[in-house]
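Me: I'd like to work through a protein model, step by step. Please show me the sequence and structure, then take my questions.

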Amino acid sequence: MNIAVVGTGNIGGRLARVWAGKGHRIFLGTRNANDEKILALVGVNPTRITAHSTADAAQRADVILLAVPASVAFNAVRELGNVKGKIIIDAMNAVFRKPEPYNKTSEAIIAASGNDHIVKCFNWIGAENMDNPYYGNDVADMVLCGNHSEDKTIVRQLAEDCGFRVFDIGNIEKEAVTENAAVLWGSLASGAGLGRNIAFKILKR
């Protein structure tokens with residue numbers, strides 16, 4: 001699958017490496033292809049990871065991962081160009097810094113692009129889990145939500161490619177649930193002193 005990764009920090013960079021290793025074609029959207037972080041990512045798998053302008057990366061891709069700060073969501077999506085019909089994975093959290101004047105990142109994405117093919121995913125636990133979701137004999141759980149079942153099927157597979165067990169919790173209105181869980185994760189990691197190598201696991205009796 002052709003995937004554009006916009007935002008190559010802890011989450012975007014880790015997912016880019018994992019997906020490339022699973023055979024996907026990764027187009028990094030960047031303003032500076034010579035940035036050391038970008039060059040390092042490309043160097044991991046030069047045949048499957050390449051650097052492009054943000055708009056060029058988006059046009060080459062079927063799926064776009066947005067892993068930028070929520071506060072810049074609107075402008076980041078505007079830089080993508082025409083992305084109607086493309087799947088946008090929203091890995092952002094707008095709990096502390098909102099994409100003004102919008103309250104939710106999904107609202108900013110729709111306003112900037114006219115595209116509602118949004119799947120919220122990869123945002124409820126820390127980046128350390130993106131390339132290593134394994135805890136002994138178990139794996140971390142991932143949740144996603146979105147309005148289009150076909151989109152969620154594709155993103156589910158991308159999450160499973162990373163090793164996660166995946167749960168679909170409903171439509172995009174559930175995005176606040178995932179963001180509140182991210183706050184809980186942070187409170188456990190820092191406030192409770194558990195450190196960042198923690199994840200959520202859903203148990204069923």
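Me: Is Asp-141 buried or exposed?
Reply: A word on the source: this is a predicted model, where local features need pLDDT of at least 70, side-chain atom pairs count only at pLDDT 80 or more, and totals for chains, interfaces and linings use all residues. Residues are numbered from 1 along each chain as its sequence is written, and side-chain values use heavy atoms, with hydrogens and water left out. Buried means under 20% relative accessible area, exposed over 50%, and partly exposed in between (1.4 Å probe, protein chains only). Asp-141 has 0% relative accessibility, so Asp-141 counts as buried.

Me: Which strand holds Asp-141?
Reply: Strands are DSSP runs of E with at least two residues; helices are runs of H or I with at least four; both are numbered from the N terminus. Asp-141 is in residues 141-146, which form strand S9.

Me: Which backbone nitrogen lies 2.5 Å from a polar atom of the Asp-141 side chain?
Reply: A polar contact is a pair of N or O atoms within 3.5 Å; within protein, one must be able to donate a hydrogen and the other to accept it, and residues adjacent in sequence count only if both atoms are side-chain atoms. Contact in general means heavy atoms within 4.5 Å. Not counting residues up to four places away in sequence, Asp-141 touches Trp-124, Ile-125, Phe-164, Arg-165, Phe-167, Phe-200, Lys-201 and Ile-202. The nitrogen at 2.5 Å belongs to Ile-202.

Me: Which backbone oxygen does the side chain of Asn-115 reach at 2.7 Å?
Reply: Asn-115 sits in the loop between helix H5 (105-113) and S6. At 2% relative accessibility, Asn-115 counts as buried. Beyond four places in sequence, Asn-115 touches Val-83, Lys-84, Gly-85, Lys-86, Ile-88, Ile-109 and Ile-110. The oxygen reached at 2.7 Å is that of Lys-86.

Me: What are the buried residues of helix H2 packed against?
Reply: H2 spans residues 36-44, and its buried residues are Ile-38, Leu-41 and Val-42. They cover an arc of only 100° around the axis (taken from the directions from the helix axis to the C-beta atoms), which puts them on the same side of H2. They pack against helix H1 (10-21), strand S2 (25-29) and strand S3 (49-52).

Me: Which helix gives the most to the lining of the largest pocket?
Reply: On a 1 Å grid over the protein atoms alone, a pocket is an open set of points where a 1.4 Å probe fits, with protein on both sides within 12 Å along at least five of seven lines; lining residues have an atom within 4 Å of a point. The largest pocket has a volume of about 600 Å³, the space filled by probe spheres set on points joined across faces, edges and corners. Of its 28 lining residues, the closest to the centre are Ile-11, Ala-91, Met-92, Asn-93 and Asn-123. With five residues, the helix that gives the most is H7.

Me: Which side chain does a polar contact of 3.0 Å join to that of Asn-123?
Reply: Asn-123 lies in the loop between strand S6 (118-120) and strand S7 (134-135). At 3% relative accessibility, Asn-123 counts as buried. Leaving aside neighbours within four places in sequence, its contacts include Ala-91, Glu-179 and Ala-182. The partner at 3.0 Å is Thr-178.
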